[in-house]
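Here is a short report on charged pairs and nonpolar cores. Keep the structure open while reading.

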Amino acid sequence: MESFNLKQLHLDMDINWTPMFAATVCGTGAIFLVWKWRNNLKIQNKILNARRRRDKSLQQAEQAVQRFKIQNPGFESSSIVSLSLSELTGKLQDGSLQPDAVLYAFMEKTLEVNRNLNCGTEMLMESVAQLKDMNTQKKGLLYGVPISIKDNFGYKGHDSSCGVVSKLDQPAVMDSVIVTVLKKQGAIPFIKTNIPQGLLNYDCGNPIFGQTLNPYNLQKTSGGSSGGEGALIGGGGSILGLGTDIGGSIRIPSAFCGICGFKPTARRLSTRGIDTCVKGQKSVLSSIGPLARDVESLALCMRALLCQDMFSLDPTIPPLPFNQEVYESSKPLRIGYYETDGYLQPSPSMARAVRETKELLERAGHTFVPFQPLRLYNIFHELALRGILGDGGETLFSHLKAGPLDPCLCSQPVTLGSPRFIRKMLSFLIKPFFPRISASLHGTCGLGSVAELWRQHANVEEYIQEVIAEWRRLDVDILLCPILGPAFNFHYCGRLNSALSYTTLYNLLNFPAGVVCVSAVTEDDEAQLRQYTGAHGDPWDKLFQQAVKGGVGLPVAVQCVSLPWQDEMCLRFMREVEQLTAKNKLTRKH
């Protein structure tokens, strides 16, 4: 038997294996580079195909409008798109307007608005075919009404991209429950609208369809994540739209774009067929809700959706029809209120909007009681942020890293892509200097075990009961508080999660909440903003000041909140705020 020669083995390795090893490494590197090049090419092709589909649909819509105008020489869209929803539905029901004229009127206006604001992801040309199938008996509360829907609403044959490449080329095989019910109520979904990349952001830009602009100021964001809806409705291209809200995603774009928006109690409307980048997350619930020009339109939409078709198609939804009696009530209310939540110092216009609205409501005979969110600092980080990112952000990150990144989100992958122990260490190091930023960074680490997740869910339930107990102790019917505003300058939303404290709280609590625009930013507001110091004196306070500066003339709103399942009470309060504000403006003119 030949003896084992270690020296010869080393020599053999040097002579024979080293070149083979080097060749293998080089070959592997070459293969990786080729794979990466082909993957990038595949991603770019996906994006280009999505843009081609959008552009083709816009071109088809323009051609359809032109054909209709040629066939109807007296057609004038401006008189139609200027109607309120109640006026429009009345004319459709009595036959003085036909659904085809209404659809093409809004298509024409939408094409104009989209050229300026880039708020659509695809025109739904099936809407033209739907006209032929419209029930001649004019059934449905939304008969003949064109409706815009957020990009993540399932519509058969179309992608729900959520602004990420990983969800492209996956068209829905059937309509979502919401879309099905809208059609049964006679509505005509005609466009999908833009969203931020991954949906968990309150800007509205992504690498597929680009940045959506604010209808009041093209240098400002429309807000998000239902930002395409906010821009389109605020610009006059849609009379009614549907969005989703997990941290303010209906309310923020509504406030930024000068319209009304409503987040119902979660599970009041079906979420079946609605896509997301954090499917399975249950700590902070997402809601589907309407956006429109006025509160009555929101209420009409809720009346239409809360029907037997909804309850049959999704039996998990409580069969609670819209309570018209509560909505029409005029009894005096006992109203809780606050100007600041103690976590984010409001901009001057935010605080002024609450003060002025409070004065109007007091003069109308309502009573006010000071109310303050309980333990918001810890709740925002430990329950809301850790809940939404319970997996440490891994699921969201998996979608973001699958393609190019929107400029607004440059900081998210850096954070979410870092190992949790790095985030915890950085959080510990910066805590003495910037405790709020430290707590937020720690919150992104999520939850480490199933037991910890269960404890977190139990803590959320306990907190909800604690807030309800405080609500009962103060004996309030409703709550008036600030909503984020005015509209931000570009690229600040992704760097300021702290600004979401005014909205995310009511997703965590699962309280219905809506916004009504009551004012506009004044020169005095802007002058006061220059003296803004913030609540914590950290970099986020300075960033917030920079984000909202230059806002003179932009809309300012207030937020209205009610207890769970009292959605009609919230809408009733919103309508009264809207009416008193309109009456006050009219009085000032005269």
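Arginine 572 and glutamate 576 are both buried. The model is predicted. The two residues form a salt bridge, with their closest N and O atoms 3.0 Å apart. Both lie in helix H22, which spans residues 567–589. They sit four residues apart, about one turn of the helix.

Elsewhere, Arg53, Asp159 and Asp169 belong to one network, joined by salt bridges that share partners. The whole structure holds 24 salt bridges.

## Two further salt bridges

Glutamate 112 pairs with lysine 109 in a salt bridge, at 3.5 Å from N to O. Both residues lie in helix H4, three residues apart, or about one turn of the helix. Buried or partly exposed? Glutamate 112 has 37% relative accessibility, so it counts as partly exposed.

At 12% relative accessibility, lysine 167 counts as buried.

## A buried lysine without a partner

Lysine 150 lies in strand E2, residues 146–150. It is buried yet has no salt bridge.

What does lysine 150 touch, leaving aside neighbours within four places in sequence? Its contacts include Lys192, Glu229, Leu242, Gly243 and Thr244. Ser225, Ser226 and Ser249 are also among them.

## Nonpolar cores

The largest nonpolar core has 163 residues. Met107, Met310, Phe488, Leu496 and Tyr506 touch the most other members. Helix H4 (residues 99–117) supplies the largest share, 10 residues. The core draws at least three residues from each of domain 1 (46–313 + 335–377 + 457–588) and domain 2 (378–456).

Take leucine 496. Not counting residues up to four places away in sequence, it touches Tyr202, Phe488, Trp540, Leu543, Phe544 and Ala547. Another core, of seven residues, lies apart from the largest one. Its members include Ile43, Ile47, Val165 and Ile208.

Key. Residues numbered from 1 in each chain as written. Predicted model: local features only at pLDDT ≥ 70, side-chain atom pairs only at ≥ 80, totals over all residues. Heavy atoms only, no water. Helix = DSSP H or I, 4+ residues; strand = E, 2+ residues; numbered from the N terminus. Buried < 20%, exposed > 50% of the residue type's maximum accessible area, 1.4 Å probe, protein only. Lys, Arg positive; Asp, Glu negative; His and termini not counted. Salt bridge = Lys/Arg side-chain N within 4 Å of Asp/Glu carboxyl O. Contact = heavy atoms within 4.5 Å. Core = buried A, V, L, I, M, F, W, Y, C linked by side-chain atoms within 4.5 Å. Domains from an automatic or database assignment.
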